[in-house]
Each structure stands twice: as structure tokens, then as C-alpha cells.
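Hi,

Here is the model I said I'd pass on.

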Amino acid sequence: MISKYSETFRHSAFMAAAIILLVLITTIPLNAQTAIERVTSMTVRLETEEGNGSGVIIGDGHHILTAAHVANQQHVTVRTPDDKTVDAHLLWSSKDLDLALLKTDSPLADTVPSFVNKKSVQRGSRVYVVGFPWGDRDEDRSTDATVTQGIISRLTTDEIKRTLIQIDAAVNPGNSGGPLVDEQGRIVGVVVEKFIGIGDGNVFIPSEGIAYAVPAYETWPQLQSLGIPFTVYEPPESQWYDSLFDLWKEQPVVAILILILIILIMAVFIMLLTKRGRSFARVSISHRLTRQGEPIEYELLGITGHWRDQRFPINSEKLVIGRDPMEASIVLASEVVSKRHCSVMRDNASDRVILTDEGSSNGTLANDTIHLQSGSTYSLSSGDRFSVGSKQNVFQVVKKD
């Protein structure tokens, strides 16, 4: 006979299944939509005497990444999302890469998007083109950037051995220079051209769904040499549940059925326990639910230097700080900072933050008194500070608001 407690637990299990499904259905599309909306607010329209194009705000908010054929003049007018115009001057340009960097006297944004790492630029990945197509037409002079969706068709090279990302997202005149981003709003590349077709004087065969972007990582050496700060997102190592999320994206019905099956199996197993076991499970579940609501969420706050007032989430994966963008997630373009200087990560067991010196040359100083030796660690709590190489690069551990 099924006890009253077992009957109650069975209803609770079904209720939990419904809540999990509702969260999955609503949050996965919402997170992607929020990320894309955020990057559209950092995409600007560029106006020159020869026409219009697009660009994306990077660095400390004073810099714009775009295509060289868009920023082909020393001075460019930037039209921001709030319909204000700002003058920008050409800082760097490469005709071979068709990439350029502009700089403005006043900052255009408080936060800027990060870059994806090289490994994330893969065929089949979903991407979005953000920009201002047909911006030359008066009726299309909107300050609200458009978004088109597609996938990376392949990675290829052109006649000058330049690496290009081929995409099938819709691209039109005016999109040039705009960012190509992933579902989290991170910059994958810069849109540079569209292939319209082939033909001779008599016959023309139009093409569909072929456009190209230059990988954003081509700009990293130049950003580093100019001292422009930037962040490269390093994805954590794949976990078992990543496969379930991938399945959810491709076949959501199958993923839902698997989740329901897992929950039902767990419910039946617990109901078949002895009375003592059921009592233990009830106490354990209650304790875990209470514990999950209590842990403190930490962030890393920039106090001085390029990352002043910027916040970075701290989790159980190492957040590396250094000079080399291939090694570090937070890049500091300073000679006193080593390529892989130090790292912070959350210790779930102690609910504190662990600071580790990753073999730096100039050391890591915690709370102005503790000098970490190479490879040594130090436990931090909310309010504690540390400097990277010098006091020009100070960070503080804070509780997430």
C-alpha cells in the first residue's frame, strides 16, 4: 500500500518536473534574446562622405571596431543608439584584413562585449549579424540596429590567404563593419562583404546566403599593442549536462521526455525506500534546498586600471588575469603583468574566493600586506583586495548585488 507520505511525494515530484520544464522553456530563449539586445545597444552607425556602415563599441568604451572600407577617412561621424552624433578619428586600419579601429574623445558605453576564443569559431555554430543595412536611405536612418540570424557555413581563405568566416545570415549594404556575435552576444567577427553571384557580360547567376566576416581574433595583437583592454571568454570544460542542453536546442521534445523520465525514476526509487530511508531523504532534500538558497555569489570588481568599475562573475572555474589574451580571460596590457599572472575562483566548500599566483614575475599582493609566492594561494572574502603587478591594477572581491 502506498503511504500518505509517498502519495504526497509523488505529487511533489510531478510539480518539480513541471517547474523544471517551465524554467527550461522560458529561460533558454530569454537568455539569448537578452544577450543580443545588449549587443545591439553597443552597435553604432558610422557615417562618412562616401556612405554609411556599422561598428561595435569595444575596449574602455572609447573605441569602435569596424571594417577598413567603412572607416576609410581620418574622421568619421558616429551615430549612437540614443541618436547623438560623436566624432571619431582613425586609430588603426588594415586593408589586407579589411579591419579598422576608431577612437572617440568621450566614452560611448560603460560595458562592452567580450570576444569568443578561437576554438569557439566552428562550422555549424549559430551566429547573428548586427548592423544598419541600407543606412544611406533617408527612411532607413534609424538608430535601432537590426539583427539577422544564421550559422557559420565554413572557415575559408581568400586569394591573399586571409581567413574568412562564411555565414548564411542576411547581409546588405550598411551591414559592413558590424559585429558577428554568438548567442551570448560575444564578438565572433566583423562583417566585411556579401557574395552576390557570378557571371559575365551576358549571363549573371545570383547567389543566396553567402556572406563573409573576418575573425575578431585577428585584431587581438593590435589591441594589445595599442593598450586597448579586452576580454576573451574561455568556456568551461564540457560537463555531462551540456549534452542535454545541446539536445534541447536540436530536439526539445526528446529532451523534455528524458527529463520527465529521470524525475519519475528518482521519485519511484525514493518511494520504495524504507520508512527510515524516506525520513532521511525528506530531511536531506529539505537541507539541500535550504543550502542552495544560502551560498554567497561573488564578483570581481576593478578598482584601478583599465577595468575600473567593471564587474566579473567568480565561479568554480578559474578566472585568469594576465597580459596574454590566449592565456587570460581578463587582459591587462601592462609590462608589469605576466602573461598568466594570477587567478581567482570560488571554493564551494568554504564559500570563499581563492586567489592563486600563476607564476608571475612581479608578484601578487593581497590586502597590501600578503605577497604571494609563485604557485601559492590565499583565501579572500568580500571586501578583500589584491593588486596585479602594481597598485595600478587593483581588484576587489565583492558580493553580487
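Let me start with a charged pair: R340 and E327 form a salt bridge through their side chains, 3.5 Å from N to O (the rule is a side-chain nitrogen of Lys or Arg within 4 Å of a carboxyl oxygen of Asp or Glu). The two sit in distant parts of the chain, 13 residues apart, with R340 in the loop between β20 (330–331) and β21 (342–347) and E327 in the loop between β19 (319–322) and β20. Strands here are DSSP runs of E, at least two residues long, numbered from the N terminus. R340 is partly exposed at 29% relative accessible area, and E327 is partly exposed at 37%; buried means under 20%, exposed over 50%, and partly exposed in between, with a 1.4 Å probe and protein chains only.

Before going on, the ground rules. This is a predicted model, where local features need pLDDT of at least 70 and side-chain atom pairs count only at pLDDT 80 or more, while totals for chains, interfaces and linings use all residues. Residues are numbered from 1 along each chain as its sequence is written, and side-chain values use heavy atoms, with hydrogens and water left out.

Back to the charges: the salt bridge count comes to 13. R162 takes part in a salt bridge with D158 at 2.9 Å, N to O, and in another with E193, where the closest N and O atoms are 3.4 Å apart. R162 is buried at 11% and so is D158 at 15%, whereas E193 is partly exposed at 34%.

Now the fold. Six strands make a closed barrel in the order β1-β2-β3-β6-β5-β4, with antiparallel pairing (strands pair if DSSP finds at least two bridges between them).

What about the packing? The largest nonpolar core holds 38 residues, and L46, I58, L102, F115 and L223 touch the most other members. A separate core has 21 residues, among them L300, I314, L355 and L372. A core is a set of buried Ala, Val, Leu, Ile, Met, Phe, Trp, Tyr and Cys residues joined through side-chain atoms within 4.5 Å.

Last one: β26 (residues 385–388) pairs antiparallel with β23 (residues 364–366) through three bridges, and L365 stands opposite S387. In the hairpin of β26 and β27, one residue lies between the strands, and G389 has a positive phi near 80°.

Cheers

Methods:
Helices (H or I, at least four residues) and strands (E, at least two) are DSSP runs, numbered from the N terminus.
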